Every structure is written in C-alpha cells, then in structure tokens.
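Student: Hey, can you walk me through this protein? I'd like to start with how its strands pair up.

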Amino acid sequence: NPPYMRIQTIRDSYPQLADSYEKIFKSATGSYDIYALFVEKTISLIKENGIVNFIMPVKWTNASFGKGLRTILTTEKFIDKIINFGSYQVFDASTYTGLQWFKKDCDTLQYMELEEEFKTNEQLGKFLNSITNSNFHKIQATDLTADAWTLSNSQVMSILEKLNKQPRRLGDVFDRIFTGLQTSKDDVYFLYACKIEENYVIGFSRQTKETVKIEKELTKPLLKGEDVHRYETVKTDRVVIFPYRTENNEAILYSENEIKEKFPLGYSYLKRNEEILRGREKGRLALDCFWYRYIYPKNLLLFDNKKLIAPEISRGGNFSIDEKGEFYSTTTIYGYIKKTHVKESYKSLLAILNSNLMWWFLVNTGTTLANGYFRFMPSYLKSFPLPILTTETENTLTELVDKILKIKQLNKPSNTVELENKINEIIYDLYVLTNKEIEIIEKCKVS
C-alpha cells in the first residue's frame, strides 16, 4: 500500500524535494500523486519474473496527471491486472482504490471492476477469493497508449466500441469548454442574497459580515454549482464584483482612479478590503498598483456568449442553457460554447448532454466521487462520440427541449419524464443500440 499524497502538498513544505522528484522520475507529470513514483521505482527493483501488487487509486489510468506513468507502463508492458473497487471504499476515507498487479513483459491487461454492492471488507474478501481468469476483460497491451485509458467490463467495452464508430467527438463540436472565475478571494468579490434597486446592488459580504451597496455596473450575476439544474431556467441572487470592462474584444482592467470616480460605493468597499486583497497568495499583490485585480483573469470574455452550463460535480446530467450570455460563474461550473460552423442548435446538444447515454458514458469512463457523483471534466466529455444529426432529428430534439424548458419554468419537473424518455429513445436510435445494450445503459440512469 504505497502512500497517497498529491505533489502540491509536498511542494508546500518541501519544494526542493518536489523539484528533485521531477528530475528523477518520468512519472512525475502534472499534478501527480506520489504513488505513481512508487510504481515506476518497482520496475528497477523486481527480478525478471517478479510481481508487484499494490492497493492504490486507479485514477492514474484516465487522469491527465497519469500520462507519465501510462507512458512508462505501456513502453515497458509493465501492467498485468487491475481489480477496480469503484465507489467501494476499502479505507475509511474518500479514496477510491483497486488491486493492481505489475510485472514485466505483459501482452495483455486483465481488468475487472466490482458490480456488486459490498458493505464490509469481509464480503469483499470472499468475492475476491472467488474470482477466476474468466471474470477479467482482456485488453491487448498494444491497444494501450499514454492517452487516458477507458477500462471496463466486456459488456461495457462492447458498447463503447460501438459508440466510437461515430464520426465526431464532443470536442469537435464545442470551441471552448471553460471554467469559471478565479478571484483568489471570493469572500470579498462575491455578494450574497442580493437585491437590485435602480442602478445599485445591495448584498451581503461574507468578508466584512455586513450588507453593502455598490453600483450594479461594477457587478455581474454569479452562478455557483448549486444554481444549475437539469433543463431549469437559470437564476441567482449572487453577484461578483467585476473590475473590468470589455472593449474591442478585450477585457480591460479599470484603473484605480476610474473605479473611484465611476463607482464610488464599489471603490469604498474594495478599499476597505485592500489589505486582504494585496495579501492574496502569500502577498503576491503587496506592491501591485492594481491590487484589486483577479490574479488569474482567465476566460473573462467568454461568459457574455450564449452557452450551455453545467456543474463540475454532478449526479446525472445537470446541463442548462444561458440563452442571453448574461451569467458569470465560479470554478464549480463549466461553460460550453460551440464552434461557429456547427449547425446543430444548442438545445439539441443540450438534449444529448442530459441523456441517459451521456451519463452512462461518463460513469464508465470518468472519475468516481462519493455517493455516485462524477466529475464533468472537459477531458472526459470531449471524447464522447457524436453522430451527425439530420435536420429532422435536430428539429425534433430542439422541440422536445423547448417543451421541457417551458414546463420547468412552471415548476412542474415531474411532467417532463415522458418528454425526456422520448429524447432518450431518439438518442438510442441514433447510435443504433440494441434492446440488450439499452437495458445495460438504463440500469445506470439516475432515478
């Protein structure tokens, strides 16, 4: 059982040690976990016929940080077997692990994952002792690369192979899948329980523990992950202080004098928090004349576009649409802007992203969290296979979504079940799925 520790934790206390790891180990890529280094080290420690068996997270198989380890293992053919425990936690912690065997010159990877619900490690032990080679799905070593691995049982793999025959991927349709604002001090910039009175916003500041009044023009409506739900009209009572103006397709930071003259109430509030804002990230802005800026001003121009939006962590698809491009968001939400040449409407794409099939795909290719939740990470979603929609199908999906959106506006969510089932049926037909394959997918849907 090698130690699990992200390199950021080590870097905070022992930066020189972290630097030395990256010089010594090829598996030290991205925001890696040091268990990857232990796997790499075993190659030089064992005999030619030796076997290493670790219990450790399986996240390295499809996470971006695992690319270095995957490169080594595929080059050396040093991965023999994986039993993925899925959401079952062997340890009393939110760590999702599996048994993993490593030995040299393996022509196949034997893979299986738990499909039963176990309540104790004793039950798990009895199951493990009953496993035979026939329980494993065999993957040829030549089919594994440094790219993220899609690992599952034989039935799932068969469906994934069928899906992958489609001509496009989601990444071919969306120009940008972007994360929300990174202010480095949300308690200052975010205002809660806001009311709009003429040209002013009145909201609660968690930093100063008081209700403040500032100019509306200095703010943007703000969404957090909890605000975005499946097909529901987006709304919020939060704002974010946004010290930028957009001009000539560029986000330009206001000067301090401009804020002082144009937004005196907003400036007064920011000024009271100047010391805190200068102290962000270990005093990074201590001597900066633009002490009120975002430290990481990414994606500032993207929010004003029509887009699909979804929380990063979700149980089932929770995609909605920002029709007017008016909402900004925190890092717990992703925005999806399609490419200009894509003819499909946002609403037909919304139907696909909220479908049972999309959720099934993510469950079988993404990263498990607690209680059946998954991360809707761009790296997972971009690989989703996508068919070419006929005009008729695209129009039908769009019409069904319009009906669902109207019903949701009336706050009658239960009345959309039949319409959503129709969408799923259309999507199953698009992928030419059999009744047996549909049955497998339906078992995964969120009730």
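Tutor: Strands (E, at least two residues) and helices (H or I, at least four) are DSSP runs, numbered from the N terminus. Two strands pair if DSSP finds at least two bridges between them. Pro311, for instance, stands opposite Ile333 in E19.

Student: Before we go on, what kind of model is this?

Tutor: This is a predicted model, where local features need pLDDT of at least 70 and side-chain atom pairs count only at pLDDT 80 or more, while totals for chains, interfaces and linings use all residues. Residues are numbered from 1 along each chain as its sequence is written, and side-chain values use heavy atoms, with hydrogens and water left out.

Student: Ok. What's the strand order in the open sheet of 4 strands?

Tutor: The order is E7-E19-E15-E17, with antiparallel pairing. Strand E7 (174–179) and strand E17 (320–322) stand at the edges with a single partner strand each, so one side of each has no neighbour in the sheet. From one strand to the next, the twist averages 30 degrees.

Student: Which helix lies across E7, E15, E17 and E19?

Tutor: That's helix H13 (residues 346–353), running at about 25 degrees to E15. Angles run from 0 to 180 degrees between N-to-C directions, and the axes are lines fitted to C-alpha atoms, for helices over the stretch in contact. Contact means heavy atoms within 4.5 Å.

Student: What does Phe174 touch?

Tutor: Leaving aside neighbours within four places in sequence, its contacts include Leu308, Tyr336, Tyr346, Leu349 and Leu353. Phe174 is also one of the residues that touch the most other members in the largest nonpolar core, which has 84 residues; Tyr336, Leu357 and Trp360 are the others named. A nonpolar core is a set of buried Ala, Val, Leu, Ile, Met, Phe, Trp, Tyr and Cys residues joined through side-chain atoms within 4.5 Å. Buried means under 20% relative accessible area, exposed over 50%, and partly exposed in between (1.4 Å probe, protein chains only).

Student: New topic: is Asn364 buried or exposed?

Tutor: Asn364 counts as buried because its relative accessibility is 11%. Asn364 lies in helix H14 (residues 356–365), and a polar atom of its side chain is 2.8 Å from the backbone oxygen of Trp360.

Student: Is Glu226 buried or exposed?

Tutor: Glu226 is exposed, because its relative accessible area is 53%. You'll find Glu226 in the loop between strand E11 (219–223) and strand E12 (239–241). A polar contact of 2.8 Å joins its side chain to that of Arg238. A polar contact is a pair of N or O atoms within 3.5 Å; within protein, one must be able to donate a hydrogen and the other to accept it, and residues adjacent in sequence count only if both atoms are side-chain atoms.
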